Number of protein chains: 2
Amino acid sequence: MKLLKEKIVQEGKVLSEQVLKVDTFLNHQIDPVLMQAIGEEFAARFKDAGITKILTIESSGIAPSMFAGLTLGVPVVFARKRKSLTLSGNLYTSKVHSFTKNETNDISVSKDFINSDDVVLIIDDFLANGQAALGLMEILEQANAQNAGVGIVIEKGFQTGGSLIREKGVRVESLANIKSLENGQVTFFEETATV
Amino acid sequence: MKLLKEKIVQEGKVLSEQVLKVDTFLNHQIDPVLMQAIGEEFAARFKDAGITKILTIESSGIAPSMFAGLTLGVPVVFARKRKSLTLSGNLYTSKVHSFTKNETNDISVSKDFINSDDVVLIIDDFLANGQAALGLMEILEQANAQNAGVGIVIEKGFQTGGSLIREKGVRVESLANIKSLENGQVTFFEETATV
């Protein structure tokens with residue numbers, strides 16, 4: 001997605017060969033015009049997938065998901081993150097380890113909002129080691145819901161998350177897929193999907 | 001706001017005289033169509049206030065803020081919540097106590113995103129004891145930014161937060177202001193502002 005890649009090049013800060021900071025438009029300050037374009041792009045890519053719900057995770061997945069949900073005409077459910085969860089019978093739960101923060105969180109979704117009739121698009125801001133997306137996929141399995149795919153704003157394609165998920169036969173659509181952050185430069189993989 | 005009040009009456013669950021659960025459309029599952037209407041309503045009410053930024057707090061403030069930001073043509077900044085914060089020179093910070101969860105969180109905003117040139121609209125999902133809104137107001141004071149007012153999706157008008165903020169001379173616009181949750185029924189204050 002051209003607009004997004006331009007924004008990453010203009011405003012992204014390469015902090016190391018592993019870390020790209022995009023808090024001017026995605027993770028702390030959010031650009032609503034860009035989020036609308038991103039949401040519409042996800043909706044276009046998954047428009048024939050019969051999506052009934054979008055599942056994301058707090059907090060940075062919520063903004064792009066809102067516009068995808070609006071365009072597709074479906075509700076958005078966000079998984080809650082907790083250090084540790086008071087167990088409740090009415091929750092799907094999973095564990096998500098963050099390598100960046102070196103902490104493991106429980107994530108949870110109420111059973112009221114996803115069930116076996118649902119065809120779910122997972123959306124998240126970043127895909128690196130894939131732990132968040134895999135945790136959300138586990139929740140869909142618990143719900144016996146159909147996983148229609150994973151929409152990612154920025155994939156760090158040099159890390160293993162994308163492969164882990166694609167190897168399971170799950171469709172992954174990344175709007176910007178980063179090949180390398182070496183020498184303080186962002187380079188992207190070529191896009192195969194064109195919308 | 002009629003659409004919102006209807007939704008609260010239809011889907012809100014009164015758990016006690018103090019607690020209203022609205023996780024079918026605002027706090028866990030989110031209705032994008034309603035969020036768009038809410039965002040546009042905030043934008044309409046504050047359209048002449050010269051807003052340059054919206055400040056909200058993760059996670060449930062983000063969705064309505066996105067649409068207000070889109071309509072007003074301004075970025076959204078969300079404050080991050082942490083149990084305790086690693087201090088950094090580049091952050092505005094404040095403490096927010098949650099009476100519901102009986103815990104105090106540090107909230108923070110990067111100094112990169114709000115400064116003394118900004119005219120800021122604060123948006124949040126709920127106003128009860130006012131702790132979150134007061135914490136966000138404190139951050140605006142640290143930034144020497146102008147506080148244009150507070151936009152609230154659901155005010156629990158029988159609690160003290162609204163008075164605490166209005167007494168400081170700050171404009172508060174609540175799209176639904178709840179008078180009482182007694183007897184399992186939601187009753188609203190009459191609206192004074194009409195948009």
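## Where the chains meet

In this predicted model, 34 residues of chain A are in contact (heavy atoms within 4.5 Å) with 34 residues of chain B. Putting the two chains together buries about 2700 Å², and carbon and sulfur atoms give 65% of that area. Buried area here is the accessible area (1.4 Å probe) that two parts lose on being put together, summed over both.

How many salt bridges run between chain A and chain B? The count is zero, where a salt bridge would need a side-chain nitrogen of Lys or Arg within 4 Å of a carboxyl oxygen of Asp or Glu.

## How the copies are related

## The nonpolar cores

A nonpolar core is a set of buried Ala, Val, Leu, Ile, Met, Phe, Trp, Tyr and Cys residues joined through side-chain atoms within 4.5 Å; buried means under 20% relative accessible area (1.4 Å probe, protein chains only). The largest one has 72 residues, and A:Leu4 and B:Leu4 touch the most other members.

Skip the neighbours within four places in sequence, and B:Leu4 is in contact with residues including B:Phe25, B:Leu34 and B:Val153. A second, separate core has 27 residues, among them B:Val77 and B:Leu134.

## A charge over a ring

In chain A, A:Arg171 lies over the face of A:Phe46, 4.2 Å from the ring centre. To count, CZ of Arg (or NZ of Lys) must be within 6 Å of the ring centre and within 35 degrees of the ring normal. Over in chain B, the charged end of B:Arg171 sits over the ring of B:Phe46, 4.2 Å from its centre.

## Reading notes

Residues are numbered from 1 along each chain as its sequence is written, and chains are lettered from A and ligands numbered from 1 in the order in which they are written. Local features need pLDDT of at least 70 and side-chain atom pairs 80 or more, while totals for chains, interfaces and linings use all residues; side-chain values use heavy atoms, leaving out hydrogens and water.

How values were computed
Buried < 20%, exposed > 50% of the residue type's maximum accessible area, 1.4 Å probe, protein only.
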